[in-house]
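This briefing concerns the contacts between chains in a predicted model. Please view the structure before reading the points below.

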Amino acid sequence: MGRRITIDPITRLEGHGKIEIFLDDAGAVENVYFQIPELRGFEKFCEGRPVEELPRIVSRICGV
Amino acid sequence: MAKLNLALYWASSCGGCDVAVLDVNEKILDIAAVADIVLWPVAVDGKYADIEAMEPGTIDVCLFNGAVRNSENEHIAMLLREKSKVMVAFGSCAVSGGIPALANFKERDEVLKRVFMETPSTVNPEGVLPLTRCEVPEGTLSLPEFYKYVHCLDQVVEVDYYVPGCPPTPQRIWDVVQAIVSGNLPPRGATVGATEKSLCDECKRIKQNKKVKRFYRVHEIIPDPERCLLEQGLLCMGPVTRGGCGAQCISANMPCRGCYGPLPGVIDQGAKYISSIGSIMDVQSPEEVESLLETIADPAGTFYRFGMSTALLRGANR
Amino acid sequence: MTHHKIGSVMVIGGGVAGIQSALDLADSGYYVYLVESSPAIGGVMAQLDKTFPTNDCSMCILSPKLVESGRHGNIELITNAGVEGLEGEAGNFTVKLRIKPRYVNIEKCVGCGVCAEKCPVKVPNEFNENLNERKAIYVKYAQAVPSAYAIDERYCLYLTKGKEKGKDICKLCVKHCKSDAIDFDQQEELREINVGAIIVGSGLSPFNPKDMRNYGFGVFPNVMTSLQFERLLSASGPTGGHVARPSDGKTPRRIAWIQCVGSRDVAKSGNAYCSSVCCTYALKEAIVAMEHVHGRLDATIFYMDMRTFGKDFEGYLERAKYEFGVRLVRSRIYELNEGPDNNILIRYASPEGDIKLEEFDLAVLSVGMKPGQDNEKLAAALGVKLNKFGFCQYPNFNPVSTSRDGIFACGAFQGPMSIPRSVVQASAAAGGAMSVLADVRNTMVQKQEKPPEKDVAGKEPRIGVFVCRCGINIGSVVEVPAVVEYAGKLPGVVHAEECLFACSQDNQGNIKELINEKDLNRIVVASCTPRTHEPMFRQTLRDAGLNPYLFEMANIREHCSWVHSDNSELATQKAKSLVKRAVARVALQEPLYEISLGVTQSALVVGGGVAGMNCALDLARQGIKVYLLEKDVVLGGLTRRINYTMDRRNIRDYLRSMIEEVQGNPLIEIYYGAKINNVYGYVGNFITTGTSLKGDFEINHGVAVIAIGGREYKPVEYLYGKDPRVMTSLDLEEAIAGNSQMVEDARNIVMIQCVGSREPDRPYCSRVCCSESVKNAIKLKEMKPELNVFVLCRDMRTYGFFEGLYQRARKMGVIFIKFTQDNKPRVEQVQEGAKTVLRVTTTENVLNLPMVIDADIVALSPAILAPEDGEEMAKLFKVPRNEEGFFLEAHVKLRPVDFNTDGVFMCGIAHAPKLIDESIAQGKAAAARAMTVLSSDNLVAGGAVSAINKERCSGCRICVDLCPYSAISFNEEFKYAEINQVLCKGCGVCTAACPTKACSTRNFSDEIIMAEIEALCN
Amino acid sequence: MENFEPKIIGFLCNWCSYAGADLAGVGRMQYPSNLRVIRVMCSGRVDPTFVFKALSEGADGVLIAGCHPGDCHYTDGNYNTLKRIPLMLKVLEQFGVEKERVRMEWISAAEGSIFAGVVKEFTETVRKLGPYKRNGLERGGKVG
């Protein structure tokens, strides 16, 4: 069994992310998993809101 | 004097609060001069593992922004709480749920379904939804659990101070930093970086006794820039919202959106607003009331725009 | 001979008029004996369901007054009593009363009602107009004051069959009364009472139509009187508010009201006068019936003239017609017949002249008002003259006086009148009594010494809980010991016990002892409703040196044991919960203090007409400095244009002597040519500035009375101003009085009514014009019997005793022709040779043919308009006006001369059009009401009122306009709102509206209500 | 929900509705015991916060009763109720709460039987709706 490298969190970008890197016995990358744990659901909760609200709601998707 | 250890974290948020901290501009250097930043995902490197390795109390102050939407948010909140002497709920999301908490009007499963199966850009014929645990050949991967509710920070950990705003204004942030550095902090539990009076106190507009015959949506009229917006029928949240923001929206001829949260002692900003504007509606008969109410497009979404986590009625997942 | 004066007054009659007089006097420093012939006060008003023209609930507005008179420290209720004789003179009378035994001890009776439940004797319930039955031991009605039961000696088995023979029969009431209140040993008592003045408000008796056989009352089951119908409508009446006809209990779908039953009727009932109120009450009953009867209801009113002459009555008529679809048929009904299914058949002549036969499910007889049953006896005992109809005969221009000095009259004792007018008269009569006794004010009232108050600030709550069994009322349903045990464990409670009757005298002693012994600082009593008992318990706390506001009740009787008697377990559970709420609340209550303010002992009267002058004089007679502002350079107002009254009293002499008296009174300072610039302050302490012929003025005054009169409408109709022969009725009156040649030469005089009144843009009746025209018509006929006088009118509104004048005018040959609003008369100039003829054309209402009159004079009856400067005055004094510009009273029924703004009153035409006597009465009433403020040096205000924390107020101004009492003002300099503690009534609307929690209502704060919610929910 | 006994909080104005409730008592009119009354001087004192608070504290229904429009002891305090409560009901619905859980009624001092009727009917309505499900989430409680 090789090594597992976890980068948590990945930084200096907008959003939350985690990278899991699996190395084989030789130390080469065998597999990488990139996980995005962040979900807020703007797609859903914007539904039914007055249209003039949307520019001011969706600007909160990313403030960076 | 030893430098302070400062952590800034974002949970379920947009990063606007972090950017607002940067908006103190060159003063950021002054912050750096007095504090070591041990965690600030948006700007500096630093891993959860480093935090976990710390002794409790290592962090002097943690400015925590963002709501608690999932188990990771909660976990980090608890972690930072353990390691921090002072925990600050920073920005509307941490204080009262903020914009992400509008999701509390919807059911959790509806959100997942919409995002992962129904949006036009999604192709997901098998209907796969994220799992908290996933077995892969290399072992187990995990994702945080997406909670039913969006919580605010003090619903999961003890909070020492609250700094409201979406985002807090740079001037107020600087005031807070100065207070922290000088140790000149108010009693625990206080809201800092905002005033004890409502926005109306800061608002320069001419106010008269209030009577409203109908409400307008912001695109329906161009309001008189001198007069109180509420008196002109715009649903300005100013009366039920703390001041301290410098009345920025008002200066742009837009009604207050309520991001600085309710006044001290008010337990439900939206309910209070209903009570207040219900009093100034200039109609008498039930029929007139009904047709006046028709002119309010989305009362709950408007009145609880930033406060759904703290709303007495909890929303759709009830 | 000079007697020393007595500072107490006897008010005879406990109806709304008597109650108002008693309260005004008691609030102004006189001790009052309120004498009522039945076992409870309330009078006819207590029987009514709704009251016109507001349709508000009669009991809702009367009941607070009942309770207030019942517990007023300076009002002594004497029920079951009548006057036997009178000696003495104004200032010092001795009244002999005969007081019949009640056989129930008022002090002991707790009103539980077990006695009535057990009593085996059923008798007709007079309060419900005999529509159902009550027991021989009874309480007159649910909200009765005093609330104690009484035994009807005419029916009681023991009293009728046992007592004399010494036999112990029945006495079930004695057996079942847990509070030992039944007392068969009570004897009739003769009591002599010394008083300084007397007010008679002995009310009315409804006309009993049983002898009018043509209407079949008492024969046909579905013919009832309007008062019976009123009981049928009442939610607390025999049917619980369901309109059910007597024959079969079915809901009637066709109801007919027959007007003028026992009124305007010389032939059958002998009552020639108009009862004044029946037209409007019939409209009310029709409207209310429609609201009660779900589904369709055809309401028809058969009438002669629709006399909706009072303030806002005309609008009420319009609503009845157009909004509710009440059908009005102008036809005098002579007879009712019974058809199939006990239906009522009515034959009538339609306005088109056809004879119709119509079937109704129910017929209501709008019965008139007769003098009270005992009025004749009472008047004889008092030595007071009655008029030919048996109502009070009052001296000229003294509408609330009687023929005997020191005895005043009010309400229906004087004649048929509506509730608002009765209340005005009642206040005026109180004012009359006050004038007689001005120098002995505050000599008989009782003042109590109070022990010093304990300081509870910052102390932990030490709560005492007393759970009442109320005999078996609570105890038989709620498990009281369990509640006591539960209460004892609640946070803050240091003492809990049960009591048999929490309200009993000995328990008050017990509470006081425990407060001291256990250092209790808050008290909860779990018993009955706080609406009746809270004041008493508060007094107990105060007597024990505890602030009275540190008290709360849990209503475990009305809201628990009585309504859940079928489930003891649930009731006990609920009682616990209610006690928990009270305890949680009381722990947070704070001691409240009433503040005492100085009162400037002077009055400002604005307007020097008859109303204003009467008010000023009444105030001056009571030693009050009066500043009388008149915008004109002479006094007298509109009355200067009137030469004689309808009953031929000499108004000129009256006005002259009144002006002389006003000018000669050293306490009255007159400002002619006065104009107000500003008014500052509040009740007790106003400052008014302005200018007058004397120069600028600044007046300090405690109260203000607005009496700025009204003005005459200048017609644009009927060639007025275009032909000199067209004039107003006042012009005609002047022409008659001045013996003008025009009148001398005239052969045909036409009067046209409702010019500018009862029109879409002025939808009110000007009230006086019909009588004014009749007066002129009679005068003309007396001068020149051969003269043709035509009165063109819509309805002839000669209400009350003026009906006699109307009848007289008709007898003298005055011709009355009806027209309708959509078919008005035409007045035109027609050239006939060299002559320009003034031609009036109208439709003759009987023949339905055009009728042409060439008139020598056309006299128009113009509307009376609201005063020109009304708007300005409204702004200055912050008082409201109605749509027509007349001032809006605080409450149509109960505070007809008050404004909602404390310390400001109104009288005269500025309130609404009215006759001279009515203006005089209103002027006097305003003076009496003003005296309730001015009678003491201090004004007590505060208590459970609202306050704004200016540190928290952000100046949004949401609250400012909400307050109906104008108690909230905005400080422009510092940008915060302020509440005047003197004006605030504590409703808490502003607290709910305040977005910043700057505003709080004392002892109704958010925190307290939240604590109550938590206590009840968890 | 067979044995469900709803908890109902009532805010009654002192002058009309509380008196109406008293009259129901005097008339011994039986009605379900689920209602618990809080007395306020005027229905215009009722802040919608109270209603939300009651629901969040465990009430299943809330009754607000005041004088009939036009009959207010304080002239027009109840007009505030008449305006606030419908707005509150709209918000309530958006929160996914059945608006039948909150009822506004005008009950006069003479309408004891109407009061009793309203309580009966309202209790039944709320009973049928079932319990108001709450999430008693406080800090440190189970997050989810």
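The points below describe the interface of chain A and chain B and then the other chain pairs.

In this predicted model, local features need pLDDT of at least 70, side-chain atom pairs count only at pLDDT 80 or more, and totals for chains, interfaces and linings use all residues. Side-chain values use heavy atoms, with hydrogens and water left out.

**Extent of the A–B interface**
- Chain A contributes 42 residues and chain B 53 residues to the contact, where contact means heavy atoms within 4.5 Å.
- About 4000 Å² is buried between chain A and chain B, 57% of it on carbon and sulfur atoms; buried area is the accessible area (1.4 Å probe) that two parts lose on being put together, summed over both.
- In chain A, the most area is lost to chain B by A:Leu39, A:Lys44 and A:Arg60, together 17% of what that side buries.

- Seven salt bridges are found across the interface of chain A and chain B, a salt bridge being a side-chain nitrogen of Lys or Arg within 4 Å of a carboxyl oxygen of Asp or Glu.
- A:Lys44 forms a salt bridge with B:Glu110 through their side chains, at 3.7 Å from N to O.

**Other chain pairs**
- Four pairs of chains touch, and the most contacts among them are between chains C and D.
- Chain A and chain C are not joined by any contact, and their closest C-alpha atoms lie 24 Å apart.
- Chain A does not touch chain D either, with nearest C-alpha atoms 10 Å apart.

Technical notes
Residues are numbered from 1 along each chain as its sequence is written. Chains are lettered from A and ligands numbered from 1 in the order in which they are written.
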